[in-house]
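Here is a short tour to read with the structure open beside you.

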Amino acid sequence: MKSVKKIISVLLASAMLLSLAGCKNDIDGETTVAATTVSQTTTAPGATTLPDTTAPSGTTTANTTAQTTASTATTAAQTTTAAPAGNLPTEKAAILAAYNKAANDTKSYTGDITVKKVDGTTSSIRTISFAPAKAVADPILPNDYPREKTASFLNGTDKANSADTLAKFLPPDKQTYLSNLTIEGVKEATCEKEGNGMKIVIKIVEEKGNELNYKAPHHGACMDTVNITAESIQPFTLNNANVTYPGGTLTASINDKGYLTKLDIQEPVEISGTFTWTLVKLDAVIDARWQQQFEFTYA
């Protein structure tokens with residue numbers, strides 16, 4: 001979500017606009033803009049999800065056939081990550097364990113694999129203390145979704161560029177794992193049959209910080225997070241900073257071999273505070289969303 005840094009540039013431009021406007025109407029030469037405290041809190045925009053890919057229900061197997069093949073199905077379940085239909089994980093901890101294993105096995109896959117990635121940021125100003133600045137700032141905010149890239153890997157290395165790897169192509173950035181999420185970071189988890197495999201949806205708990213460079217630990221364990229520093233917003237300073245991750249969502253399709261076939265990552269973030277530059281102050285609340293969709297094809 002590195003492009004979220006561009007949000008700060010928008011506030012800088014807005015503040016400069018205010019400064020000029022204040023100078024024009026200033027009688028004694030001092031430019032000030034009254035700060036308006038923002039207390040409204042609303043739910044971040046709904047997550048964008050992948051189209052429903054659940055396979056239609058098949059013909060029910062006869063009871064005698066089910067009894068004959070029950071022992072075979074049990075044996076197969078022990079040799080694959082994804083449990084067969086009728087033996088899906090139901091407890092939150094078991095669902096998380098199934099996702100973590102499938103995700104990490106996919107990131108360390110050494111066979112022939114092609115990955116299509118679509119990602120980017122959407123953002124908008126929810127509130128700002130100087131209303132006319134919103135019309136100027138909104139069009140400048142980072143809204144680069146969707147960006148698309150496809151790459152093929154063998155032995156974990158990009159076939160077209162040996163300097164790139166599957167580990168680098170998949171989140172989190174600079175980590176060998178795709179998910180190190182723990183049960184403490186999971187708010188909800190569901191699992192259902194999908195084709196010969198399963199579909200898992202995990203909702204992460206809300207996380208809040210009052211520092212500009214706050215790193216949400218649970219979100220950071222399974223997806224990329226916002227990366228903003230005090231240096232990146234100079235000459236601004238940010239007072240009363242609040243960074244809120246209301247709860248990201250992971251939606252994964254896992255095949256009968258225990259590998260991901262699809263992964264949808266939705267990470268809404270709210271950034272609020274008072275941005276100060278000389279005597280100019282802007283109170284703003286910005287809603288941003290980092291999202292990634294992956295499709296995995298195995299040769």
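pLDDT is the predictor's confidence in each residue, on a scale from 0 to 100. This is a predicted model, and its protein chain has an average pLDDT of 78, with 70% of the residues scoring at least 70. Residues 16-85 are another matter: pLDDT is below 50 over this stretch, although the model gives it 78 contacts beyond near neighbours in sequence. Where pLDDT is low, the predicted coordinates should not be read in detail.

Let us start with strand β10, residues 280-298. Of its 19 residues, 15 are buried, so the rest of the structure largely encloses this strand.

Which strands pair with β10? One is β1 (residues 113-128), which runs antiparallel to β10 and is joined to it by 15 bridges. In this pairing, Ile-128 stands opposite Ala-284. Another is β9 (residues 260-277), also antiparallel, with 16 bridges to β10; here Ile-271 faces Ile-286. The β9 and β10 strands form a hairpin with 2 residues between them, and Thr-278 in the turn has a positive phi of about 50°.

## Rings and a charge

The whole structure holds 6 aromatic pairs. One of them brings together Tyr-259 and Tyr-298: the ring centres are 5.7 Å apart and the planes meet at 40°, so this pair is tilted. Tyr-259 belongs to the loop between β8 (249-254) and β9, while Tyr-298 belongs to strand β10, so to speak a link between distant parts of the chain, 39 residues apart. Both tyrosines are partly exposed, Tyr-259 with a relative accessible area of 25% and Tyr-298 with 21%. Ring pairs also draw in Tyr-109, which forms a cluster with Tyr-259 and Tyr-298.

Elsewhere, a charge meets a ring. The charged end of Lys-117 sits over the ring of Phe-169, at 4.1 Å from the ring centre.

## Two residues to look up

Thr-237 is found in strand β7 (residues 237-245). Is Thr-237 buried or partly exposed? With a relative accessibility of 42%, Thr-237 counts as partly exposed. Leaving out residues up to four places away in sequence, Thr-237 touches Thr-274, Phe-275 and Thr-276. The C-alpha atoms of Thr-237 and Phe-275 are separated by 5.8 Å, with the two residues 38 apart along the chain.

Val-186 lies in strand β4 (residues 186-194). At 4% relative accessibility, Val-186 counts as buried. Setting aside neighbours within four places in sequence, Val-186 is in contact with Lys-92, Leu-96, Leu-181, Ile-202, Lys-203 and Val-205. The C-alpha atoms of Val-186 and His-219, 33 residues apart along the chain, are separated by 9.8 Å.

## Helix α3

Helix α3 covers residues 92-107, 16 residues in all. From the first C-alpha to the last, α3 reaches 23 Å, close to the 22 Å expected at 1.5 Å a residue.

Which residues of α3 are buried? They are Ile-95, Leu-96, Ala-98, Tyr-99, Asn-100, Ala-102, Ala-103, Thr-106 and Lys-107. An α-helix has 3.6 residues a turn, so residues three or four places apart point the same way. The buried residues of α3 pack against α5 (166-169), β4, β5 (197-204), β8, β9 and β10.

Key. Residues numbered from 1 in each chain as written. Predicted model: local features only at pLDDT ≥ 70, side-chain atom pairs only at ≥ 80, totals over all residues. Heavy atoms only, no water. Buried < 20%, exposed > 50% of the residue type's maximum accessible area, 1.4 Å probe, protein only. Helix = DSSP H or I, 4+ residues; strand = E, 2+ residues; numbered from the N terminus. Pairing = 2+ DSSP bridges. Phe/Tyr/Trp six-rings, centres within 6.5 Å; stacked < 30°, edge-to-face > 60°. Lys NZ or Arg CZ within 6 Å of the ring centre and 35° of its normal. Contact = heavy atoms within 4.5 Å. Expected span 1.5 Å × (residues − 1).
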